[in-house]
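Here's a quick tour of one protein model and the ligand it holds. Have a look at the fold first, then we'll walk through the sheets, the domains and the ligand shell.

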Amino acid sequence: MYSSANTIFKDRKVLDENYIPPELRVRSEEAEILTRIYMNRLFSNAGLADVNMIYGSLGRVGIGKTTLAKFVAKRVSSIAAKEGIMVRHAYVNAYNAPNLYSILSVIVRQTDYPIQVRGAPAIDILKALVDNLYMKNHYLLVVLDEFQSMLSSPRIASEDLYTLLRIHEEIPTRDGVSRVGFLLVASDVRALSYMREKIPQVESQIGFKIHLPGYRSGELYKILEQRAELGLRDFSWRPEHLTLISDVYGEDRGGDGSARRAIIALKMACELAESLGYDSLSEELVRRAVSENEAASIQVSELEALSVHELLILKLVAQATMEGLEWINTGMLRQRYEETIAELGLKPRGYTQYHVYLKHLTALGLVESRLSGKGMRGRTTLLRLAPYLPADRLVEVVDSVISGKLSDGGE
Ligand SMILES: Nc1ncnc2c1ncn2[C@@H]1O[C@H](COP(=O)(O)OP(=O)(O)OP(=O)(O)O)[C@@H](O)[C@H]1O
Ligand SMILES: [Mg+2]
């Protein structure tokens, strides 16, 4: 039953979360720009002192911020090595390293410098780091991921951030050459405004800021194709399978633009095929994987924060999708709302409140709206369930949240 033959996978780790591909087929230009900024200074013998930043879009995850940063750090190292310049790189997830001491410990652990970390004050570790870089004539490029968490953490004082990011002023090297550069990665633009408030000098020091939006379906396709070529057996997949996935997650198609979710969907489809003993994917399997992947992503806590009325409206929109209506107009939806709310023994909310609910559901990204073309009675608003949500699973979850609320006596 459990055969050991890999029918689908050629190299399983290629589909893993932390895998960094040898080349970036998407965002290669951004990678090139950033790499060049660090290289230009190094090659002009001006050392390494730049602080640059990659930041994402509000509410978007899995859009390649970490991947781009790690890729650039590796690339700077390897290009420099070819010219005989030693650039070490270190990766710190600031989320898991909540103060200056732990950040420095994580950095030191990734170098092989003989630095005593335990029990040492942060400033001494930093000095030892600078000394080692000087003595060995090395440079260091530090990726500080989840940088925004450092800005809101009460355990990191603004002074610590200064000390770290303006290390050249705080701890000048003996030969005056700066040897530490930073690549900050932040979730979204708010990091910049926090910085402006909290550490304006550092903010103004950031040389280059790159904003990353969610991926479009064409970009996701290229990312998936690379994984399929490197990780899956030839003939086990077809381009249509990848298109199916990239069309669900592409931001231009109403998806959330996440490469992570697209890759997970592909991996799930492959695992499903493998467990069923198939030697290739099928469209049906891919659809199933996508829908499982989506179901897992419904945020119950988000739904619990809604009122019974909002939940009911959301459910009616989902049911319209299940009936095959692509869009439902607000008039028809209102009628259904009045009927169903009466069945629950509740009174419908007035029109103004009703429209506030619709706006809220749209703002949360659960429902999409657009204006109809001009018809006999002017324009009306059309609604549909956000395409990334699986209607049937959503209805199930919404039903259980509604009944929970009603039994608690809430509306
Ligand atoms: N341009 C790309 N080329 C190849 N793979 C990519 C690319 N962008 C993202 N990926 C893959 O998508 C997944 C998510 O990317 P990554 O972790 O970099 O996103 P992120 O924006 O840092 O996410 P988060 O917001 O959760 O920190 C990873 O497995 C990564 O390898
Ligand atoms: Mg990340």
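Let's start with an open sheet of five strands, ordered β2-β3-β4-β1-β5 with parallel pairing. Strands here are DSSP runs of E with at least two residues, helices are runs of H or I with at least four, and both are numbered from the N terminus. Two strands count as paired if DSSP finds at least two bridges between them. β2 (86-93) and β5 (209-211) sit at the edges with a single partner strand each, so one side of each has no neighbour in the sheet. Strand-to-strand twist averages 15°, with axes fitted as lines to C-alpha atoms (for helices, over the stretch in contact) and angles running from 0 to 180 degrees between N-to-C directions.

This is a predicted model, by the way: local features need pLDDT of at least 70, side-chain atom pairs count only at pLDDT 80 or more, and totals for chains, interfaces and linings use all residues. Residues are numbered from 1 along each chain as its sequence is written, while chains are lettered from A and ligands numbered from 1 in the order in which they are written.

| Strand pair | Sense | Bridges | Opposite residues |
|---|---|---|---|
| β2 and β3 (138-145) | parallel | eight | M86 and H138 |
| β6 and β8 (381-385) | antiparallel | two | I328 and L383 |

The second pair belongs to an open antiparallel sheet of three strands, β6-β8-β7. Its edges are β6 (328-329) and β7 (367-371), each with a single partner strand, so one side of each is left without a neighbour in the sheet.

Back at the five-stranded sheet, α2 lies across β1 (51-55), β2, β3 and β4 (180-186), at about 165° to β2. Contact means C-beta atoms, placed from the backbone, within 7 Å.

Now the ligand. Ligand 1 is surrounded by 18 residues, with G64, K65, T66, T67 and A259 the closest; being near means a C-beta atom, placed from the backbone, within 6 Å. The elements giving two or more residues to this shell are α2 (65-82) and α12 (259-275). By class, the shell has nine nonpolar, five polar and four charged residues. Ala, Val, Leu, Ile, Met, Phe, Trp, Tyr, Cys and Pro count as nonpolar, Asp, Glu, Lys and Arg as charged, and the others, Gly among them, as polar.

Why does ligand 1 lie between two domains? Domain 1 (27-211) and domain 2 (215-295) both give residues to its shell, so it lies between them. Domain bounds come from an automatic or database assignment.

Terms used:
Contact = placed C-beta atoms within 7 Å.
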